[in-house]
Amino acid sequence: MKTHLTRRYIFSASHRLHSEEMPPDENRATYGKCNNPHGHGHNYALEVTVSGPVEPSTGMVCNLVDLDGFVRREIIEKFDLQNLNVLPEFARSVPTTENLCAVIYDIVQRGFRHAHLDKVRLEETMMNSFEYAGDSELLR
Amino acid sequence: MMVYLTRKAEFSASHSYHNPEFTPEENRRIFGMCNNPNGHGHNYTLEVTVKGEVDPRSGFVVDLKQLKDIMHREVLDAMDHRFLNKEVPEFFSQIPTTENLAIVIWQRLAPKLKAAQLHRVRVYETPDLFADFYGEA
């Protein structure tokens, strides 16, 4: 029976929202405080949802040790306590939480082999969050 | 007009992960610390989401009192302050993982709900781990 498993992780990073394609006044108008040249930081909360049949011998969709290990190696070690703007993933895009959510989805989608990735949900603060499920519909 | 309604409940229970068909070494490798035979416990949070049309006379999707009573009778009375492996019959033969808890709770609730249709059972084992079951095959 298909079950969906969600695991939550915390990491902290800084960013500056600034587009090279906009003049300074448009950057300020679009991004407001987030355009501050020195950047600012967030404690991000990441939720990764995977799904699949429950394996009868283990009772699991996938072993959490595998999921935790993958996310630690490929996501947390890459982004935690970093400035997102200087990372290669954001060489050509603005490190908004929308874009970060999609980058993380792509990393898990390409690399994690133990279960199907449903979606990635990212909280930038307690007050806002973003969800990305690739081309699939989000389950409600 | 279809509306989704979610009711929460909390229960505390202990469990241990062990498959008698695995060798002791396999049990330790696959289940790690959860294989401790004396068990360990969690404060579980259960979220039950039902969906249905809003009754024009009452304005309800479901009578919350009835939903609460069903959740208490079928889930909390059976699982709160219990050792799941030893006291909940479904877990005599299945591993009481969060995934299986979500499925078992769905199977207990679905036949008892009359007016509203069960949409999702979500079980939080800890604030950073939860399983969702939507009744999918």
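Mentor: A helix here is a DSSP run of H or I with at least four residues, and a strand is a run of E with at least two. By that rule, chain B has four helices and five strands. Keep in mind that this is a predicted model.

Trainee: What is the order of the elements in chain B?

Mentor: From the N terminus on, they run β-α-β-α-β-α-α-β-β.

Trainee: How do you know that the length of helix 2 of chain B agrees with its 16 residues?

Mentor: Helix 2 covers residues 64–79 of chain B. At 1.5 Å a residue, the helix should span 22 Å. Its end C-alpha atoms are 21 Å apart, so the two values agree.

Trainee: Where does helix 2 of chain B bend, and by how much?

Mentor: At His72(B), by about 40°. That is the angle between two fitted axes, one for the seven residues ending there and one for the seven starting there.

Trainee: What follows helix 2 of chain B?

Mentor: His81(B), with a positive phi near 60°.

Trainee: Which residues of helix 2 of chain B are called buried, and why?

Mentor: Leu67(B), Met71(B), Val75(B) and Met79(B). An α-helix has 3.6 residues a turn, so residues three or four places apart point the same way.

Trainee: What do the buried residues of helix 2 pack against?

Mentor: Parts of chain B: strand 1, strand 2, strand 3, helix 3 and helix 4. In chain B as a whole, buried residues make up 31% of the 137 residues.

Trainee: How many residues does each chain give to the contact between A and B?

Mentor: Chain A gives 17 and chain B gives 20. On the chain A side, strand 1 gives the most, with seven residues. That side divides into seven nonpolar, seven polar and three charged residues.

Trainee: What makes strand 1 of chain A and strand 5 of chain B a pair?

Mentor: Two strands pair if DSSP finds at least two bridges between them. These strands have four bridges, so they count as a pair, in the antiparallel sense. Arg7(A) stands opposite Leu129(B), and His4(A) stands opposite Asp132(B).

Trainee: Which strands of chain A pair with strand 1 of chain A?

Mentor: Strand 2 pairs with strand 1 in the antiparallel sense over 14 bridges. There, Arg7(A) has Val48(A) as its bridge partner. Strand 3 pairs with strand 1 in the parallel sense, over two bridges. Ser14(A) stands opposite Asn83(A) in strand 3.

How values were computed:
Residues are numbered from 1 along each chain as its sequence is written. Chains are lettered from A and ligands numbered from 1 in the order in which they are written. This is a predicted model: local features need pLDDT of at least 70, side-chain atom pairs count only at pLDDT 80 or more; totals for chains, interfaces and linings use all residues. The expected span of a helix is 1.5 Å times one less than its number of residues. A residue is buried if 20 or more other C-beta atoms lie within 10 Å of its own, exposed if 12 or fewer, and partly exposed in between; C-beta atoms are placed from the backbone. Two residues are in contact if their C-beta atoms, placed from the backbone, lie within 7 Å. Ala, Val, Leu, Ile, Met, Phe, Trp, Tyr, Cys and Pro count as nonpolar, Asp, Glu, Lys and Arg as charged, and the others, Gly among them, as polar.
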